Amino acid sequence: MRAISPPRLWQAEDAPVLHIEAAFKTSQKNWMATWTKYKTDSHQTSFRAEDRVGFEIVGDGKFRSYTINLAYAEGYTGALSYLMFKPIEETDKDAWVKIKRIWFGRQ
């Protein structure tokens, strides 16, 4: 299970914090946010292992707000174009996630 954003362009320095309002129904507690570097000649979504930040979730199916400081990741620099969320380990067969909204901020 994973969720990938449509293509978008943002500057890491202008958006160091990611906010997610979502409900997770899973036994997995550790998820990751990962991103791609912006490329003018390609719309391929190639996510690199070094371009990710882990975060903990509550998997009871209730909506909660999560704040993830992306600026801690060494690879979170420059122009970026895709965002993906997925569990760090393989998840349950009947697991799901409902995302109400996602936005970038400074804090």
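I started with Tyr 66, which is buried at 8% relative accessibility (buried is under 20% relative accessible area, exposed over 50%, partly exposed in between, with a 1.4 Å probe and protein chains only). The model is predicted, so I kept local features at pLDDT of at least 70 and side-chain atom pairs at pLDDT 80 or more, while totals for chains, interfaces and linings use all residues. Numbering runs from 1 along each chain as its sequence is written, and side-chain values use heavy atoms, without hydrogens and water.

Next, the rings. I paired rings of Phe, Tyr and Trp (its six-membered ring) with centres within 6.5 Å; planes under 30 degrees apart are stacked, over 60 edge-to-face, the rest tilted. I got five aromatic pairs. Phe 24 and Tyr 66 are edge-to-face, at 5.5 Å centre to centre and 85° between the planes. Phe 24 sits in strand S3 (residues 17-25) and Tyr 66 in strand S6 (residues 60-69), so this pair ties together parts 42 residues apart in sequence. I took strands (E, at least two residues) as DSSP runs, numbered from the N terminus. Phe 24 is buried too, at 3%.

I then looked up Trp 35 and Tyr 76. Their centres are 4.9 Å apart and their planes at 80°, so I logged the pair as edge-to-face. Trp 35 is buried at 0%. Tyr 76 is buried at 5%.

I found one aromatic cluster formed by Phe 24, Trp 31, Phe 55 and Tyr 66.

Last, charges over rings (NZ of Lys or CZ of Arg within 6 Å of the ring centre and within 35 degrees of the ring normal). Lys 100 lies over the face of Phe 63, 4.6 Å from the ring centre. Arg 101 lies over Trp 103 at 3.8 Å.

Terms used: Helix = DSSP H or I, 4+ residues; strand = E, 2+ residues; numbered from the N terminus.
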